[in-house]
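Q: I'm new to this one, could you walk me through it?
A: Gladly, let's have it on screen and go step by step.

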Amino acid sequence: LFIDFSMPLMGNKPNGAGRTVVLSSFLLGGPSGSGVATTVTIGAVAYPMLARAGYGKEAAGGLLAAGGLGAIISPPVLGAAAFLIAEFLKISYLDVLLMATVPTFLYYMSLFMMVEIDARKFGMRDVAARTEQTLAELTRRYWFHFGSLVSIVVFMLLGFSPMMSVFYSTIVTWLASFLRRDTAMGVRKLVTALKDGSGQMLNVAATCAAAGIIVGVVAKTGLGLKFSAIVIAYAGGSVALTALYTALIVWIIGLAVPVTASYIICAVIAAPALTKLGVPDFAAHMFIFYYAVLSEVSPPTAL
């Protein structure tokens, strides 16, 4: 569906394949919140198109991975870490979405610039793509799918907790599927979807539980404050060097654990070093979150 929505916008233009991947990644990444899922979903459909345009396997894989990575920093979901940011900073989930809007825009704009530069550097070919339906026709037929993009935010604005907002948004999305017969989600499909979602959540819950133990140990022993003092001492009080050391720490930890767990650990260990030097707490946490996300494409793990 998201490929269909992006194709009419790109048309048969130079480097339309690259633009389609970036736009589709943005459209799918926002509601999915998963970099791996977005990369796999878009890649299965878009890779043949990229190959016809002249992208090599390495370049196509890099573009698909970069586009999928943006899902974790894109509103309105941002993965599970967004709720943790709100919890750490004692702010609303809407504030977290506002904090992530500009970085998301800049990230995808940089991807657009990258594909344009590659198109001119390597002479990418035009890809003939037959448009089955116009953008207006697609929007008129499938407009209700975009309800999942805004329903969580609306429920949060109405005062519901994050957990209840997700619950009611799931109900809204399920009911909206019956507006068209070809998208209707019957009982069997609903049970399968809930089963898949619950199974995926078990991995996140187990990882966060283990990370919570680490956070508890660090907080009770005072290791976090000592660690911050060590980082500041090595940096000589320089904000730039402290940020560099913090980024390296987050990157190294992120190689071993998922994004959410990496953020939890580093928010306790590394964030105080930045805040002690006058960096606003929300900027410090978003900085750590961003580099935790980058671990998704960092060797040797590179999920």
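This is a predicted model: local features need pLDDT of at least 70, side-chain atom pairs count only at pLDDT 80 or more; totals for chains, interfaces and linings use all residues.
Q: OK, where is lysine 90 found?
A: Lysine 90 sits in the loop between helix H5 (81–89) and helix H6 (93–122), and its phi is positive, at about 60 degrees, although lysine 90 is not a glycine. Helices here are DSSP runs of H or I with at least four residues, strands are runs of E with at least two, and both are numbered from the N terminus.
Q: How many helices and strands does the protein have?
A: The protein has 15 helices and zero strands, and buried residues make up 41% of its 303 residues.
Q: Back to H5, at what angle do H5 and H13 pack?
A: H5 and helix H13 (residues 259–269) pack at about 20 degrees with their axes 9 Å apart, where axes are lines fitted to C-alpha atoms, for helices over the stretch in contact, and angles run from 0 to 180 degrees between N-to-C directions. That makes H5 roughly parallel to H13 (angles under 35 degrees count as roughly parallel, over 145 as roughly antiparallel, 65 to 115 as roughly perpendicular and the rest as oblique).
Q: Which residues make the contact?
A: On the H5 side they are Ala81, Leu84, Ile85 and Phe88, and on the H13 side Thr260, Tyr263, Ile264, Ala267 and Val268, with contact meaning heavy atoms within 4.5 Å.
Q: And how do H8 and H9 cross?
A: The axes of helix H8 (residues 147–157) and helix H9 (residues 162–176) come within 8 Å and cross at roughly 140 degrees, and H8 and H9 are therefore oblique to each other.
Q: Which residues of H8 and H9 meet there?
A: Ser148, Ser151, Ile152, Phe155 and Met156 in H8 meet Pro162, Ser165, Tyr168, Ser169, Val172 and Thr173 in H9.

Notes: Residues are numbered from 1 along each chain as its sequence is written. Side-chain values use heavy atoms; hydrogens and water are left out. Buried means under 20% relative accessible area, exposed over 50%, partly exposed in between (1.4 Å probe, protein chains only).
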